[in-house]
Amino acid sequence: MSTKEPTEADILRPINTLTKKYFVLYGIATLALLVFLAGWAYQLQEGLVVTGLGDWGSGGGSTWGLYIGAFIWWVGVAHGGIILSAAVRLLGMDRYMPIARLAEMTTIGGLSAAGFYILVHMGRPDRMVTSVIGHYHITVNNSPLVWDVTVITAYFVLSATYLGLTLRYDVSRLRDQLPDRFEPIYKIMTLGYTKQEDEIIERMVWWLAAAVIIMAPLLLHGGVIPWLFALLPAMPAWTGGIQGPMFLSIALMSAIGGVTIISYAFRRAYDWDHIITDDIFRGLLLWLGFFTLLFLWFQLQFVLNGVFLGPNAKAVSAEAKLAHPLYQGAMFLIFSTLVYIFLQTIRPSLFSKKRALLASGIILTGTLTEKVLFVVEGFKHPVFDIYANTPGTYFPSLIEWASLAGTAGLVALLFLNLSKLVPVVELHAVEHMRGDHAHGDEATEPEVEA
Amino acid sequence: MSTDDESFHPLGNEWEGELESMLDDTEYDSQLGMDMARDAMRVTEGELSEAEFHEKYHDDVMEEFGEDERPTKEAYEKAQEETKGTVSRMLDKFDGDGEQTRREAMKKMGVGAAAVGVGAWGTVDDGPEASVAEGGHGGGTETHEHPDTQWGMTIDLERCDGCLTCMTACQQENDLDQGVNWMYVMAWEDRNHSSPDGGQGLVDSGAYTDFNMGSDFNMLVRPCQHCTDAPCEKVCPTTARHTRDKDGIVLTDYDVCIGCRYCQVACPYGVNYFQWEDPSVEYEDIDGLENPEDPDEITHAEYEHGERWVDSRAPRGVMSKCTFCPSMQDGKQGDDMVGTTACESACPPNAIQFGDVNDEKSDSYQHREHPVKSRAVAHLSGDHISSNRYVPGPETVNETLSESDDIESAIAALDAANESRTFDEEVLSMMKAIDIVSERLEPGDNKNTTMIQNERTILESLDAIEGYVDLESEDALDTLNLDDGSEESARFQLQQYVGNPSSFNLLDHIGTNPNVTYLGAEPGSDAYQVEGPTKYEDAGLLDRRQEKLDNETVGHIDGVSL
């Protein structure tokens, strides 16, 4: 364990420093976003023909592709992030308190990227308000896409409220050490704050966390997002109840991977060895292994259901999935990571933060690949598999590839900006680690001995 | 159902109380409204027939409101007509817009009674979904009441010769881009059905034998199925994809669609084509036909409330598919075109029969319900290139035949009456067989009754022939191979000529309730497309649209695919 005591100054360091590296990172993120924005502008000018997409059926293309794959991937990262943070509050997993806010911010970033993808993917994004919101009262009864937009909006509101409420405590206490140039923002954030509200806010946050934990499997990434695909009977690569648990496991894998990478970056940049401790990385890695195991289990269920005496269409799609080199590659990477995670629990010396970082990177790559493939596979082997031009061909265009960099840049920018505005580690966490926290919460999870 | 309280309504006493107070606010009798509502629920539960319900309250309703336009009227009148004849139904024709009177009646029944009484009908008539969709307005979705007319098709796959004329006709009619094949025709094989080598053109491939069948290929003609339970419509996040109330066709509002392509994803048949780039035909150049200056004339279809842009090629960024030519159904291309589509009109062997699938006189209904007779009629009346036989008109018969003719001499004389075409025993046998099995329906003023009209023409000729020759005698029936002249033998004889196709709906198990019915062999689940009699490029069509789209893809690498 670290010998240093965490202080307020530690968590204020990102706000009160400005380094060259920060500017370089800011520049790269901005550039990535700008490149994609330019690509999107070209797409708006020319039409979606500039993408690699096309009509499935006689047309020999794929209706949806990387945009939708990346969309559900980002939603997964987002949903997983808020589940992670909610678990910290609800289940008393105080050990992860220092990264809870990073997870919440990941949610905001992931949802922003996902929302952006919805616009990018549409043929007429200009009609989003008139056509979608204008008919909402009718379409919400039928359209999974509308349910989707509904829960994403609901979760954005939920997460932002959650984040906003917990920030009031920190900002009001640390106000003197925060830069004056953001004064108006802090004023709005702490509007009407009194110390009496602390307890109420804690209760509110608890209830928000409870809502998140309950709704995640029922409605969020275990429900509405997979239903976008799983409810359609004509595409056997998508159908089935297993998609709910599958999507949820992917969400948690991706979110833990994402939070690990972000935590690593902050720890490195601001010497937070004593705040985001090795122990946190060990714990995250273990959880990553657990959800990876679940994911592989669900994959096995899905594929085996098709290849062993499946109905024609189901068998064809399952066999094609299994035979796809990218699928094999993604599963190999994910499985190898799982093996490593298990090995390092048996032999702790195999653990290192760099390896945890690598494992997270691999998992994120694996889940993104799986997501994009999943979307495209549906169009490749539909029930009505008669067309000579089906399976069609699809390879993402440069603009679609650039969207990945662009949205990653967008999320990075969000973190870079937020870290200059508010503490990304909760004051509560610091107080808790110092042992001067008023609460009697005991860590329910035994700490892993190094 | 609530069993523990006295309430008749599934939502219980509280709800019922609310309705009652709503009724109290109207100027009409609440007790009558509640009694009717209670019995309306019994109708939905099947305890009471619609006609009984109507009769029970008819006098009270007439006294209270001065008229009785409840939705059960039809059932009641139908029951009445069985004893009284059809006078009331004929009078109904002068009633004008039924929709209007119904709405007025609802107003008079009071909000509460309407909600309970008519709402109950919503559930029994249309299923729960329909009542959910009710209330669409402001360019929103249409309601799902059962339309009086439901346009649909019966497509005879064994008459299709794979000439692709329907595809080109559709492309021209709608100014579609290359590769946007709203109508798509393909040849297929599966483990039980093989086919000759394709792509040789009709003559070489041995198409058109005699009476029967377009070609040796197994064909599938795939327009949009205009499903009653359209998955594309269900998933649409905007209501752009909708079913038109008045005639049940499924359309896309080009002014509302956001281009998310979820309809294309959800459609099991793959009938949707997205407008990935600017269409090749400018809007101004869309042929406005009667008013070429104004394309709106044919691109905008008629609705209860104004017009919507749903026809012809889509603008950039929105979805398109086969429309069943609403500009024709709305009469904008002339009365002759009502009840036809561009593909149907263009099909040389009349394999496509468009019409109101609920109207027993329509071509699609006739062809679906009486495929054998309809095939024979289509064959004898079409300008089908294979059919060298002909049916002489009554005038020709009267000019040619005399009282002294017997069956042999009559056939010989009629054969001689046309130099280029043949009249023989087989033609006469088919005519007589059609006569035996025919219900002799009158076309009336129904639209799209070509089949019945053609049948009538054939029967008029037959009647003329029978004026000279007795075709009912044993000898005559023997000569015509009609055995004892029974319906069974007539049907058997027709089947010898035109076959007896089975019928099917495409992907019936998915539950879309399509309004296209096929005659002929159904592709098995292992079926795959093969090269057909005519090559797409020979007909000026592009099959694989991706070839064209790939040209515009930024950073496209040939041959690389996920």
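These are my notebook entries on what I looked up in this predicted model.

**Ground rules**

I am working with a predicted model in which local features need pLDDT of at least 70 and side-chain atom pairs count only at pLDDT 80 or more, while totals for chains, interfaces and linings use all residues. Residues are numbered from 1 along each chain as its sequence is written, chains are lettered from A and ligands numbered from 1 in the order in which they are written, and side-chain values use heavy atoms, with hydrogens and water left out.

**Entry: chain B as a whole**

I began with chain B, which has 22 helices and 13 strands; helices (H or I, at least four residues) and strands (E, at least two) are DSSP runs, numbered from the N terminus. Of the 562 residues in chain B, 55% are buried, where buried means under 20% relative accessible area, exposed over 50%, and partly exposed in between, with a 1.4 Å probe and protein chains only. I then looked at contacts, meaning heavy atoms within 4.5 Å, and found that among those in chain B between residues at least 6 apart in sequence, 70% join residues at least 24 apart. Chain B exposes about 24,400 Å², of which carbon and sulfur atoms supply 45%; accessible areas come from the Shrake-Rupley method with a 1.4 Å probe, and for residues only the protein chains shown count as cover.

**Entry: where the two chains meet**

The size of an interface is often given as the accessible area lost when the parts come together. For chain B and chain A I noted about 5,400 Å² buried between them, 60% of it on carbon and sulfur atoms, buried area being the accessible area (1.4 Å probe) that two parts lose on being put together, summed over both. B:Tyr262, B:Trp276 and B:Leu562 supply 16% of the area that chain B buries against chain A, more than any other three residues. In terms of contacts, 68 residues of chain B touch 67 residues of chain A.

**Entry: aromatic rings**

I counted rings of Phe, Tyr and Trp (its six-membered ring) as paired if their centres lie within 6.5 Å, with planes under 30 degrees apart called stacked, over 60 edge-to-face and the rest tilted. By this rule there are 39 aromatic pairs over all chains. A:Trp40 counts as buried at 15% relative accessibility, and A:Phe116 counts as buried at 14%.

I also looked up A:Trp206 and A:Trp207, an edge-to-face pair with 5.1 Å centre to centre and 85° between the planes. Here A:Trp206 is partly exposed at 38% relative accessibility, whereas A:Trp207 is exposed at 58%. One aromatic cluster is formed by A:Trp64, A:Phe229, A:Trp238, A:Phe247, A:Phe374, A:Phe379 and B:Tyr262.

**Entry: charges over rings**

A charge sits over a ring if NZ of Lys or CZ of Arg is within 6 Å of the ring centre and within 35 degrees of the ring normal. I found the charged end of A:Arg173 over the ring of A:Tyr169, 3.8 Å from its centre, and the charged end of B:Arg261 over the ring of B:Phe274, 5.1 Å from its centre.

Helix α13 (residues 312-323) of chain A has twelve residues and reaches 16 Å from its first C-alpha to its last, close to the 16 Å expected at 1.5 Å a residue; the expected span is 1.5 Å times one less than the number of residues. Its buried residues, among them A:Ala315 and A:Lys321, pack against α12 (278-307), α14 (325-346) and α15 (353-380) of chain A. In helix α1 (residues 8-16) of chain A, the buried residues include A:Asp10 and A:Pro14, and the buried residues of this helix pack against α7 (144-174), α11 (243-270), α16 (398-421) and α17 of chain A.

A:Arg101 lies in helix α4 of chain A and counts as buried at 0% relative accessibility. Not counting residues up to four places away in sequence, A:Arg101 touches several residues, including A:Asp170 and A:Glu426. B:Arg368, in helix α14 (residues 363-369) of chain B, is partly exposed at 21%, and, leaving aside neighbours within four places in sequence, B:Arg368 is in contact with B:Thr154, B:Val357 and B:Thr517.
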